[in-house]
Amino acid sequence: MTSGHVFLATSLDGFVARPDHRLDWLTKQHTETEDHGYDDFMSRADGLVMGRGSFHNALSFGDWPYRKPVVLMSRSMTPSDIPEALRGKVRLMADSPAGVMRSLDDEGWKRAYIDGGALVQSFIADGLISEITMTVIPILIGRGVRPFGDIEHDIDLRLCESRTFPSGLVQSRYRIIGPS
């Protein structure tokens, strides 16, 4: 089946966004000259699966940032909520995480980038994430959105690689082993 992969950044105190979902703290680092592996990560993904919140954040960037196909998972949105310029680049699916992954597998996808807090949590809960790359940004923001939320049981991870960057970022890639 298509494997799910996560690439995310957290503040040192463990938040992926401010309480209002703003990401302004990510741009405070002067890291534009560092390669943190995002392009390499994306080159290995067949496309993205994202939730409504991530979709709206991506729309706020101005130019659409993705060249790969995007699956927007939402039960509340309709095709008319997708801007005309993105039709053909973004498609809407209201299936379960497992149903979406089966559909993508039927289409020949091998690796899907799963993006969005609640969406990542539901894919992890359903055992559909095989790898997580997490970059810790050296900033404390005090309050915010946690990356994984509450989980029903412990999930064992194996560290595959860890790197540091001159800007102070620390990036670790983990393979999910499974429930303990």
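The protein chain contains 4 helices and 8 strands, where helices (H or I, at least four residues) and strands (E, at least two) are DSSP runs numbered from the N terminus. Followed along the sequence, these elements give the pattern β-α-β-α-β-β-α-β-α-β-β-β. This is a predicted model, in which local features need pLDDT of at least 70 and side-chain atom pairs count only at pLDDT 80 or more, while totals for chains, interfaces and linings use all residues. Residues are numbered from 1 along each chain as its sequence is written, and side-chain values use heavy atoms, with hydrogens and water left out.

As to overall dimensions, the C-alpha trace of the protein chain spans about 40 × 40 × 30 Å along its principal axes. The radius of gyration of the protein chain is 16 Å, which agrees with the value near 16 Å for a compact globule of 180 residues; this radius is taken over C-alpha atoms, and the globule rule is 2.2 Å times the number of residues to the power 0.38. Of the 180 residues in the protein chain, 42% are buried, where buried means under 20% relative accessible area, exposed means over 50%, and partly exposed lies in between (1.4 Å probe, protein chains only). Among the contacts in the protein chain with a separation of 6 or more, 64% join residues 24 or more positions apart, a contact being heavy atoms within 4.5 Å.

The accessible surface of the protein chain comes to about 10100 Å², and 50% of this surface belongs to carbon and sulfur atoms; such areas come from the Shrake-Rupley method with a 1.4 Å probe, and for residues only the protein chains shown count as cover. The protein chain carries 20 positive and 24 negative charges, whose mean positions are 1 Å apart. In this count Lys and Arg are positive and Asp and Glu negative, with His and the chain ends not counted, and the place of a charge is taken as NZ of Lys, CZ of Arg, CG of Asp or CD of Glu.

Some of these charged side chains pair with one another. The structure holds 10 salt bridges, a salt bridge being a side-chain nitrogen of Lys or Arg within 4 Å of a carboxyl oxygen of Asp or Glu. One of them joins Arg91 to Glu107, with the closest N and O atoms 2.7 Å apart. Because Arg91 lies in strand β4 (residues 90-93) and Glu107 in the loop between α3 (97-106) and β5 (111-115), this pair ties together parts that are 16 residues apart in sequence. Arg91 is partly exposed at 31% relative accessible area, and Glu107 is also partly exposed, at 44%.

Another salt bridge links Asp24 with Arg22, the closest N and O atoms being 3.3 Å apart, and this pair belongs to a network of salt bridges formed by Arg18, Asp20, Arg22 and Asp24. Asp24, with 27% relative accessibility, counts as partly exposed, as does Arg22, with 41%. His21 lies in the loop between β1 and α1 (38-43), and its phi is near 75°, a positive value in a residue other than glycine. Most residues other than glycine have a negative phi. With a relative accessible area of 47%, His21 is partly exposed.

Just after α3, Gly108 takes a positive phi of about 95°.

Two further residues, are they buried or exposed? Ser130, in strand β6 (residues 129-137), counts as buried at 18% relative accessibility. Residues up to four places away in sequence aside, Ser130 touches Ser3, Gly4, His5, Tyr174, Arg175 and Ile176. Gly142, in the loop between β6 and β7 (155-164), is exposed, with a relative accessible area of 54%. Leaving aside neighbours within four places in sequence, Gly142 is in contact with Asp13 and Phe15, and its C-alpha atom is separated by 40 Å from that of Gly88, 54 residues apart along the chain.
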